[in-house]
Amino acid sequence: MMTKTVLITGASSGFGKDAVRLFQKNGWNVIATMRTPEKETELGALDRVALVRLDVTDNHSIHQAVEEGISLFGGIDVVVNNAGYGSLGALEAAPAEVVRQQFDVNVFGVIEVIKAVLPHMRRNNSGVIINVSSMGGRVAFPFSTLYHATKYAVEGISESLQYELEPLGIKVKIVEPGGYKTDFAGRSMATFGTGDLLDYLPAYDAFAGQIDSWPMSDRVWEVAEGIFQAANDDSWQLRYPVGADAVQLLQARKEMDDQAIKNMISGLI
Ligand code: NAP
């Protein structure tokens with residue numbers, strides 16, 4: 001069997017870095033893309049792993065990374081849109097550039113990466129596009145409007161795109177992680193709070209104050225396993241929730257109406 005090739009965005013840490021290791025260990029070629037490959041000291045030493053610069057907000061870097069990957073390994077079978085981050089604060093207090101950046105990275109970046117690999121996948125009449133969403137792509141918590149908006153968008157893009165691409169032999173898959181202890185809630189979180197809008201402060205403080213005590217799993221590798229499973233699944237299954245919290249919450253979302261879900265989330269926060 002031919003060695004397969006995967007391109008992964010946001011491979012400098014968290015799920016992306018674990019996914020690089022897992023695909024590589026299983027014999028794949030990996031185009032491990034990140035904003036600052038010069039800082040990466042570990043992945044570059046692995047066989048069949050190419051470190052390539054890709055900033056999802058820089059279209060030129062996306063196209064260069066795709067071209068470089070194809071010329072190094074002869075093709076791209078799977079792309080994993082993993083790069084992304086969260087933001088926290090009251091919508092009314094969100095500066096315009098914070099709103100724009102959240103969508104640039106989590107939504108427009110995903111679209112541009114997909115558009116860059118599709119000509120190649122269409123030529124091959126095959127390929128798998130895996131978009132890392134979140135359990136927050138189908139259920140929303142307060143003070144996270146921007147993040148949820150982007151992940152709901154990723155779900156909508158993926159759900160619609162599957163119809164366009166299935167006749168061309170290309171699969172679309174969504175991986176929906178629950179809460180995991182990566183850099184997500186730390187250095188990657190853009191917190192803008194409530195600015196000078198004191199009306200929001202009591203509710204925001206109460207919410208933000210208990211985030212640290214949320215049960216985030218340290219079984220981070222489970223998400224790479226979910227991504228790997230999606231990449232190797234010959235079926236046209238769209239969604240892959242990962243983690244007990246995600247499975248439970250998304251099942252509840254299916255079974256409950258809006259009011260019941262609202263009551264449940266209100267009880268959690
Ligand atoms: P992480 O460790 O903070 O990783 C985020 C990655 O995204 C980093 O590699 C970061 O690169 C990269 N990134 C940020 N902006 C970028 C840009 N403009 N171009 C390219 N890369 C960029 O967090 P993670 O948990 O692994 O997050 C990965 C994905 O999982 C995200 O889409 C996140 O929304 C999603 N997710 C996370 C959780 C969770 O609880 N951890 C739950 C559900 C979904 P730098 O190193 O350059 O900053």
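The second largest pocket is lined by Lys4, Asp77, Val78, Ser126, Gly127, Val128, Gly169, Lys171, Ala231, Asn232, Asp233 and Asp234. Two or more residues of this lining come from each of β6 (127-132) and α6 (221-232); helices (H or I, at least four residues) and strands (E, at least two) are DSSP runs, numbered from the N terminus. The model is a predicted one, in which local features need pLDDT of at least 70 and side-chain atom pairs count only at pLDDT 80 or more, while totals for chains, interfaces and linings use all residues. Residues are numbered from 1 along each chain as its sequence is written, and side-chain values use heavy atoms, with hydrogens and water left out.

The space in the second largest pocket is about 180 Å³. A pocket is an open set of points on a 1 Å grid over the protein atoms alone, where a 1.4 Å probe fits, with protein on both sides within 12 Å along at least five of seven lines; lining residues have an atom within 4 Å of a point. Of the lining residues, three are nonpolar, four polar and five charged, with Gly counted as polar.

An open sheet is formed by seven strands in the order β3-β2-β1-β4-β6-β7-β9, with parallel pairing; two strands pair if DSSP finds at least two bridges between them. The edge strands, β3 (49-53) and β9 (239-242), each pair on one side only. On average, neighbouring strands of the sheet are turned by 20° against each other, direction ignored. Five parallel bridges join β2 (residues 29-34) to β3, and alanine 32 lies opposite leucine 51 of β3. Helix α1 (residues 14-25) packs on the sheet, where it touches β1 (5-8), β2, β3 and β7 (170-177); contact means heavy atoms within 4.5 Å. The direction of α1 makes about 170° with that of β1; axes are lines fitted to C-alpha atoms, for helices over the stretch in contact, and angles run from 0 to 180 degrees between N-to-C directions.

A salt bridge (a side-chain nitrogen of Lys or Arg within 4 Å of a carboxyl oxygen of Asp or Glu) occurs 12 times by this rule. One joins glutamate 42 and arginine 21 at 2.9 Å, N to O. Glutamate 42 is in the loop between β2 and β3 and arginine 21 in helix α1, 21 residues apart.

Helices α7 (residues 244-255) and α8 (residues 258-268) pack at about 145°, with axes 8 Å apart.

Technical notes:
Grid points are joined across faces, edges and corners, and a volume is the space filled by probe spheres set on the points.
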